[in-house]
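The stops below are meant to be selected one after another.

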Amino acid sequence: MGTEISASTTTIVTSKGEKVYYSFDVVDPNTGQIKESFNTTDPADAKAKFEQIKSKYPSAPVNGNNTKPAQMASLTKTI
């Protein structure tokens with residue numbers, strides 16, 4: 001496999017409350033080179049980008065796992 005997808009969320013507490021950051025990186029596991037990277041605080045943008053990345057790299061494992069449709073639904077549920 002030529003790519004892996006790393007997906008994560010980070011919650012930051014600010015004076016205006018919590019802010020959630022959604023991050024995605026598409027990485028070549030052989031070189032460690034990042035092919036694509038995306039960050040947003042907008043859940044709709046995050047979900048759309050995740051679906052776009054997964055469509056572009058359908059066989060790429062997400063966070064080290066070959067994500068099946070049910071697992072992907074669980075991951076995107078947090079978005």
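Strands, as the word is used on this tour, are DSSP runs of E of at least two residues, and they are numbered from the N terminus. With that in hand, select serine 23, which belongs to strand E2. Keep in mind that this is a predicted model.

**Serine 23**

Serine 23 has a relative accessible area of 18%, so it is buried, the limit being under 20%. Show its side chain together with that of asparagine 39: the two make a polar contact at 2.3 Å. The residues in contact are Ser6, Ala7, Ser8, Phe38 and Asn39.

**The whole chain**

Zoom out and switch to a cartoon. The protein chain has 2 helices and 3 strands, and from the N terminus their order is β-β-β-α-α. Buried residues make up 28% of the 79 residues of the protein chain. Among contacts with a separation of 6 or more, 38% are between residues 24 or more positions apart.

Next, colour by confidence. The protein chain has a mean pLDDT of 85, with 81% of its residues at 70 or more. Confidence is highest in strand E3 (residues 34-40), with a mean of 95, and lowest in helix H2 (residues 69-77), with a mean of 52. Where pLDDT is low, the predicted coordinates should not be read in detail.

**The nonpolar core**

Which residues make up the largest nonpolar core? Select Ile5, Ala7, Tyr22, Phe24, Val26, Ala46, Phe50, Ile53, Tyr57, Ala60 and Val62, 11 residues in all. Two or more residues of this core come from each of strand E1 (4-14), strand E2 (17-27) and helix H1 (43-56).

Stay with isoleucine 53, one of the core residues. Beyond its neighbours within four places in sequence, isoleucine 53 is in contact with Ile5, Phe24, Val26 and Glu36.

**The aromatic pair**

Keep the core selected and display the rings. How many aromatic pairs does the structure hold? The count is 1. The partners are phenylalanine 24 and phenylalanine 50, in a tilted arrangement with 5.6 Å centre to centre and 40° between the planes. Phenylalanine 24 is in strand E2 and phenylalanine 50 is in helix H1, so the pair ties together parts 26 residues apart in sequence.

Are the two partners buried or exposed? Phenylalanine 24 counts as buried because its relative accessibility is 3%, where the limit is under 20%. Phenylalanine 50 is at 0% relative accessibility and therefore counts as buried as well.

**The salt bridges**

Move on to the charged side chains. Side chains of opposite charge can pair when their charged atoms come close. There are 2 salt bridges here.

Select lysine 49 and glutamate 36: they form a salt bridge, with the closest N and O atoms 3.7 Å apart. Lysine 49 is in helix H1 and glutamate 36 in strand E3, so placed that the pair links distant parts of the chain, 13 residues apart. Both lysine 49 and glutamate 36 are buried.

Glutamate 36 has 17% relative accessibility and so counts as buried, whereas lysine 56, with a relative accessible area of 52%, is exposed. Glu36, Lys49 and Lys56 together form a network of salt bridges.

**Two last stops**

Return to strand E2 and pick glutamate 18. Its relative accessibility is 63%, and over 50% counts as exposed, so glutamate 18 is exposed. Apart from residues up to four places away in sequence, glutamate 18 touches Thr11, Ile12 and Val13.

Finish at asparagine 63, in the loop between H1 and H2. Check the backbone here: phi of asparagine 63 is near 55°, a positive value in a residue other than glycine. Asparagine 63 has a relative accessible area of 41%, so it is partly exposed.

Key: Residues numbered from 1 in each chain as written. Predicted model: local features only at pLDDT ≥ 70, side-chain atom pairs only at ≥ 80, totals over all residues. Heavy atoms only, no water. Core = buried A, V, L, I, M, F, W, Y, C linked by side-chain atoms within 4.5 Å. Buried < 20%, exposed > 50% of the residue type's maximum accessible area, 1.4 Å probe, protein only. Helix = DSSP H or I, 4+ residues; strand = E, 2+ residues; numbered from the N terminus. Contact = heavy atoms within 4.5 Å. Polar contact = N/O pair within 3.5 Å; in protein donor to acceptor, adjacent residues only side chain to side chain. Phe/Tyr/Trp six-rings, centres within 6.5 Å; stacked < 30°, edge-to-face > 60°. pLDDT = per-residue confidence, 0-100. Salt bridge = Lys/Arg side-chain N within 4 Å of Asp/Glu carboxyl O.
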